Amino acid sequence: MAQSLELLLIQFLMPDNDARRQAEDQIKRLAKDPQVVPALVQHLRTAKTPNVRQLAAVLLRKRITGHWAKLSPQMKQEVKQSLIESITLENSPPVRRASANVVSVVAKYAVPAGEWPDLLSFLFQCSQSDQEDHREVALILFSSLTETIGNTFRPYFADLQALLLKCMQDENSSRVRVAALKAVGSFLEFTSDGDDVVKFRDFIPSILNVSRKCIASGEEDVAILAFEIFDELIESPAPLLGDSVKSIVQFSLEVSCNQTLEISTRHQAIQIVSWLAKYKYNSLKKYKLVVPILQVICPLLAESSDQEDDDDDLATDRAAAEVIDTLAMNLPKHVFPTVFEFSSMYSQSTDLKFREASVTALGVISEGCFDLMKERLEPILNIVLVALRDPEKMVRGASSFALGQFAEHLQPEILSHYQSFLPCVLNAIEDSSVEVKEKSYYALAAFCENMGEEIVAYLDPLMGKLMAALENSPRNLQETCMSAIGSVAAAAEQAFNPYAGRVLEAMKFFMVLTEDEDLRARARSTELVGIVAMSVGKQGMEAVLPPFIDAAIAGYGLEFSELREYTHGFFSNVSEILDDTFAQYLPRVMPLVLASCNLDDGSAVNIDESDEDVNDFGGVSSDDEAHDEPRIRNISVRTGVLDEKAAATQALGLFALHTKASFAPYLEESLKIMDKHSGYFHEDVRLQAITGLKHILAAAHAIFQTHNDGTGKANEILDTVMNIYIKTMADDDDKEVVAQACLSIADIMKDYGYVAIQNYLSPLLDATLLLLTEKAACQQVEDESDDDDDVGHDEVLMDAVSDLLPAFAKCMGSHFEPVFAKLFEPLMKFAKASRPPQDRTMVVASLAEVAQDMGAPISAYIDRIMPLVLKELGSPHSTNKRNAAFCVGELCKNGGETALKYYGDALRGLNPLFGESETDLAVRDNAAGATARMILVHPELVPLNQVLPVLLRGLPLKEDQEESMAVYSCIYSLVLASNPQIIPHVPDLVKIFGQVVESPVEKGEVKAIVGRTFSHLMSVYGDQLHPFISVLPPSQANALAAFASTSC
């Protein structure tokens, strides 16, 4: 075999493709025989050309795994000896490395079996040889052997550490230093024991020293190796860096800003800073490194290329933006001042790239630093709006990007600047640059989406420009234009009616496009019709819907995931406006929704089985029989399918909610899908399933309420839903999904009462406690823990958890007290003075509603709660004051004798909230409600002669009409009792009552009690009231008379 194999190896290396193909087929046939091993070993040692020797080693590595056990002991010894000789005597470095790779594979089987006891001693000896080649190949073997027999090295770890440190300091050979670095990386990747891992901290100074020397001598690949090691150290949960983080940051910043280096090297350095910002941000804060990092990284934003390449993932400015964004998300208080200073300084620079960078930086930090930016919005917005008028399109593009970020992340404060924001963006959508136009449409869409009635004044210029752009722009701009129109329609609501017809007519063109390049525009148009439908409502849309529905269903068959996603969104909106009449479309749309829900998500694992390439040995190197373990390179998921699946899951729930009993044919299958999707791997799909389960439950109740055995079937579905929700609360790792589960349970309690949760009370309480004590799966933080004032729990999550307590109280009443007793202390932890204001007001709001519905048992907690609430009355934050005022009233109303001693302090705390300095009308309304409740239960404890004038000056209520019943019930009780303190205010009461009965926002029950009060006053004072009635506007006087007559 040896002779024929040699000829085949030579033939394989020939340039003739046919000859190579024949040789490959013959080699594959021969390789199945165990005798191929000694033949390949012979050629590895004796072939005349290095290429043949290297090819022999590559083939040997692939085939020896399957044949090793079949070799005789003598042959095994010959193989090992030949490999050692090749490593030590071979002149060709590629052949030595290929032989070392064979040693690694053989060692995997020979060392554990005790067949190669002298291998490690040989490697230690070789690593200290005077010959550079020997030292290098020993280190290469140490690297590769960690993957196969790493455990064998454990007893020698200290010796290896000393050896690797020595080799990294080898002054005579850069190859040895590189090999030592690779070996360090391999051992670090292999080592999992905490104590052993920490020892790698000692390597950091040497790694940095070697890397600096190699950077200076042009060996940038060594620096990249160092960064890969730092990457491993940073991602390790063990405290590996210590104060070495300062040296790592300094080196990384040196490389990052060195423009003489390769872009890939600099990118690696910037990436290390980004990982530190993500995983070790507390260390950056501890060693005061945030400002030095930003001082280097912010100017890198100005390195944007004039030739924009969307595929250039190594672009310095993009990598720098990622660092700044990550730092802003984790350490906003430390980031904002430096970035704002940078932006202020360079916004007027003569260098256009620095002007661009100054506004880009503000856009990048807006998500993380939103609170701090809201406080300085005026000067920040001024910088960006000035940049929007810059003569350079790059600067204008960066400005429009920043405005889009502001519109998305600086809500709602950004909306108050609409008078400066909207005119500038309206000009920008007519910019000569396509990029500026596109980003400006995005900014406009994000801004308008959250506007209210203020948008009405701008509808004509907005729609005029948007419709003109829609008719005259290329496809990509038409798509963003449609998004902007959708946001305008959503904000304008009924005021959009005059523009709806023209928009819908235009959409008929887009919704029938079938060319691949037009399908994205078709998707946007489908979405837009659904949004317009929501604004116009059933009356305006029902008659014109059929052709749009036909087009949407036809589009589903075009095999474009984004179009299917928007089609589901369209039908979700249509179901909402049509409500139960949407049932007529269920037979046509349910198959589409179910198909998307059941889609294969397309996840795929890519296996890297690459080996050494020797003149493209790929075909021969691949070995069907080899047992080498492949490496998983990455996992990819078709994200478009995920979005489609999430939209379909949402639609499924909404169809159930709105069609109720008509949904019966689809109930069982839909429940199975929701159950399955509640455990789906991606949180977007889980979120929609958790939301949809509640809607499935609503449909089930409607379906089964007329069935004889309906209660049992409805309870089966309730059981499925509640068990999923409780499991989600404890085990799901996504905070938004868990928050939705909490909100859904609260809704179920409100909709169905205590009967819906009575069988689940114990596990539900356990799950709630788990969240309040921050021990649920979604609250486990992976990065280093510290009492960081920049990063806390998720506010949305805890707001949802705190909503569960009032829901319990609402459905359980006074019986909630034993449950409340277990939840009280964990809840109060969030009210500590060290907690942020939003935490404290969350607690106060929850306690207020609990007191309202639990009633008298709250008295046992008054002494713990009232001091907190009274302090919150003086908070600088409106929401805190508003919730505190509401809570004070409920505590006084339900707190019994325990609350009496707090009346004086409560009134003194409420008094400033009625003053002119209080600009938040809702705060005043809640203060009025609290005062009214105190008077209702204990009028004798309230100095009415002082309090009533203040209370009445705040009436009628301006914003929070939920307080109206308490306020006007209080006045009714005083009038009915002929309280002497209320009599002098009768003229004011008549004026207030007139406004209340005519108000479009007050409820009928409120107007009824006002009517009864006025009727009583008429019965007592008769004609004496006419002078006060006569000065009322006629509409108010008539309305008051009508309510008074119905109240008699």
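Which residues does F816 touch, not counting residues up to four places away in sequence? F816 touches L805, F808, A809, L823, V850 and M854. This is a predicted model. Its average pLDDT is 87, and 92% of the residues score at least 70.

**Nonpolar cores**
- The largest nonpolar core has 368 residues. F816 is among those with the most contacts inside this core, along with F230, F406, F496, F663 and Y968.
- Helix α41 spans residues 795–812 and gives the most to this core, with eleven residues.
- There is also a second, separate core of five residues. L519, A523, F560 and L563 are included in this second core.

**An annotated span**
- UniProt, in an unreviewed entry, places the feature "domain: Importin N-terminal" at residues 23–89.
- In the model, this span is 81% helix and 0% strand. The C-alpha atoms at the ends of residues 23–89 lie 29 Å apart.

**Salt bridges**
- The structure holds 43 salt bridges.
- One of them joins R45 and E85, with the closest N and O atoms 3.5 Å apart. R45 sits in helix α3 (residues 36–46) and E85 in helix α5 (residues 73–89), so to speak of distant parts of the chain: the two are 40 residues apart.
- R45 is partly exposed, at a relative accessible area of 26%. E85 is partly exposed too, at 27%.
- R53 and E90 also meet through their side chains in a salt bridge, at 2.8 Å from N to O. R53 belongs to helix α4 (residues 50–67), while E90 lies in the loop between α5 and α6 (93–110). The pair is 37 residues apart and links distant parts of the chain.
- R53 counts as buried, at 11% relative accessibility. E90 is buried as well, with a relative accessible area of 8%.
- D747 and K694 form a salt bridge, again through their side chains, at 2.8 Å from N to O. D747 is in helix α39 (residues 735–752) and K694 is in helix α37 (residues 683–704), so this pair ties together parts 53 residues apart in sequence.
- D747 counts as partly exposed, at 25% relative accessibility. K694 counts as buried, at 15%, because buried means under 20% relative accessible area.
- A network of salt bridges links R96, E132, D133, E136 and R175.

- Over residues 307–311, pLDDT stays under 50. The model has three contacts beyond four places in sequence for this stretch.
- Over residues 782–793, pLDDT also stays under 50. Here the model has 30 contacts beyond four places in sequence.

Key
Residues numbered from 1 in each chain as written. Predicted model: local features only at pLDDT ≥ 70, side-chain atom pairs only at ≥ 80, totals over all residues. Heavy atoms only, no water. Core = buried A, V, L, I, M, F, W, Y, C linked by side-chain atoms within 4.5 Å. Buried < 20%, exposed > 50% of the residue type's maximum accessible area, 1.4 Å probe, protein only. Helix = DSSP H or I, 4+ residues; strand = E, 2+ residues; numbered from the N terminus. Contact = heavy atoms within 4.5 Å. UniProt positions renumbered as here; feature names shortened; annotations may be inferred. pLDDT = per-residue confidence, 0-100. Salt bridge = Lys/Arg side-chain N within 4 Å of Asp/Glu carboxyl O.
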